[in-house]
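Subject: Structure for you to look at

Hello,

Here is the structure I said I would pass on. Please open it alongside this message and follow the residue numbers as you read.

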Amino acid sequence: MSDTPFGFGLPPEEPEDGDNGKKKGGQGGSQGPADPFGFGGGSGGADNPFAALFGGMGGPGGEMNPGDLGAAFQKLGQMLSYEGGPVNWDMAKDIARQTVAQGAENGSKDASLSPGERTAVEEAVRLADLWLDGVTSLPSGSGSVVAWSRAEWVEETLPVWKDLVNPLAERVGSAMGDVLPGEMQAMAGPLLGMMRSMGGAMFGTQIGQALGVLAGEVVGSTDIGLPLGPAGKAALLPVNIATFGEGLGVPAEEVRLYLALREAAHQRLFAHVPWLRSHLFGAVEGYARGIKVDTTKLEDVVGQIDPQHPEELQNALQQGMFQPEDTPEQKAALARLETALALVEGWVDAVVHAAAKPHLPSADKLRETLRRRRASGGPAEQTFSTLIGLQLRPRRLRDASRLWASLTDARGLEGRDGLWEHPDMLPTAADLDDPDGFVHHEQPDFSELDKMLGEAASGGRPDLGKPAQEGDGPDAAPGESKGDDGK
């Protein structure tokens, strides 16, 4: 019989045999990566994928009293009885909050914000909006300004993470049932139910750990180029801003103002380009649809599933099970997503630099620091890469920023920002290769088309700019003349 109930193990403790961290039974670090997201440290270790769930129990030496053991079994029962969607989001939120409470890898702890910190954030965003008024034709998009703790960031952004992750998790849940032969599926109802519950728990565990780590590093609601918070709400995290500024040799007020500029610029773009949010999220979903599940690996896992070793399914979920389809459609989806991210981040980079340069002596240094931070990736990129094989990295940030700056010089603020009126007016990946060609190319005017479509939708007759034919009159149907019998 196993030394531990269901093979889940007790909270992490020192290795029992002193041999490179291996546990009894020969299961050591070689079973999988030390941390599924490559974050290092983390909350629990890879040998026990449920350490984040049970790791807070027990005494300093790892002993578990009867009350803790009862709580552990209660949580286990809740996990196996879960009948919700493809991800156990309640578990994800609990684990994220636990991870946040343990503190970030740099040792900093989350804390409730003081009134002074909240006031400093509000004033920084208001000043940032004033500076942005002079460098963009888009008006302020910050209907409200808030300062978040790390725990508040988790709570406020969780709805968006659900939208991003659920579609792929649903496909994985279906794949878990599809790998069983048809005759077995009819007989394996309880097993399939358990597998779905386990799958939801595994995803919830992974996402919760990842979000908890990410909460320790993000400085606002738009760090990864996607609007993670509620619409129109500019948000900054004072604790993480202080950590970001350490070692830069830049006054804390300048760091806060520069990051406020970036947050406020993102808010303007997402507030006043109504199609942009759905365009970006649609690009992410379109790419995710082309991700295939390695059913061969999944079949191996399902064939060997052991209730005492649920980490086998955990390891499969985190080690190369998801792969992009090598098809023209998938490559095109990836190109659309990367270009869209680059254009958003490039516009923000160019606009923020123009706004900060006259006011902040350290503008150039802060700009380069943030460019490198985005280019090198971080928890957000590793989260998506692990979960859906997607790297949210604006690979062509510098190219896009140069193009937007050139457009400013050639067409002015109105001409540059007017390109956001319609997705077909935006630069493409090819345009990033030839920015001069795009800058001096005459762009189509979609205003008349939009007017015609609006009139058609309201029952009016679009003016096609053609003279009325003889016989046309107020009683003629749209697109039809009385004189030609509709032919």
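Below is what was found in it, beginning with the whole protein and ending with two pairs of residues.

The model is predicted. Mean pLDDT for the protein is 73, with 56% of the residues at 70 or more. Residues 1-60 have a pLDDT below 50, although this stretch has 110 contacts in the model beyond near neighbours in sequence. The pLDDT is also under 50 over residues 461-487, where the model has 21 contacts beyond four places in sequence. Where pLDDT is low, the predicted coordinates should not be read in detail.

The protein has 19 helices and four strands. Of its 487 residues, 46% are buried. Take the contacts between residues at least 6 apart in sequence: 77% of them join residues at least 24 apart.

Much of what follows concerns helix α13, residues 328-356.

1. α13 with α9

Helix α9 covers residues 252-272, and its axis comes within 9 Å of the axis of α13. The two axes cross at roughly 130°, so α9 and α13 are oblique to each other. The crossing is right-handed. On the α9 side the contact is made by Y258, L261, R262, A265, H266, L269 and F270. On the α13 side it is made by V344, E345, W347, V348, V352, A355 and A356. Sorted by class, these are eleven nonpolar residues, one polar and two charged.

2. α13 with α10

Helix α10 covers residues 276-289. The axes of α10 and α13 come within 9 Å and cross at roughly 145°. This crossing is left-handed. From α10, the residues L276, H279, L280, A283, V284, G286 and Y287 take part. They meet Q330, A333, L334, L337, A340, L341 and V344 of α13. The contact has eleven nonpolar residues, three polar and no charged ones. Note that V344 of α13 is listed here and also in the contact with α9.

3. α13 with α16

Helix α16 covers residues 397-417, and it packs with α13 at an angle of about 65°, the axes being 8 Å apart. That makes α13 roughly perpendicular to α16. α13 passes α16 in a right-handed crossing. The α13 residues in this contact are A342, L343, E345, G346, W347, D349, A350 and V351. Those from α16 are L397, A400, S401, W404, A405, R416 and D417. By class there are nine nonpolar, two polar and four charged residues.

Two pairs of residues

Is G134 buried or exposed? G134 lies in the loop between α4 (115-132) and β1 (144-147). Its relative accessible area is 56%, which is over the 50% cut-off, so G134 is exposed. G134 and A355 are 221 residues apart in sequence, yet their C-alpha atoms are 7.4 Å apart in space.

T205 is in helix α7, residues 189-214. With a relative accessible area of 1%, T205 is buried.

Regards

Methods. Residues numbered from 1 in each chain as written. Predicted model: local features only at pLDDT ≥ 70, side-chain atom pairs only at ≥ 80, totals over all residues. Heavy atoms only, no water. Axes fitted to C-alpha atoms, helices over the stretch in contact; angles between N-to-C directions. Helix = DSSP H or I, 4+ residues; strand = E, 2+ residues; numbered from the N terminus. Parallel < 35°, antiparallel > 145°, perpendicular 65-115°, else oblique. Left-handed = near helix turned anticlockwise from the far one by under 90°. Contact = heavy atoms within 4.5 Å. Nonpolar A, V, L, I, M, F, W, Y, C, P; charged D, E, K, R; others polar. pLDDT = per-residue confidence, 0-100. Buried < 20%, exposed > 50% of the residue type's maximum accessible area, 1.4 Å probe, protein only.
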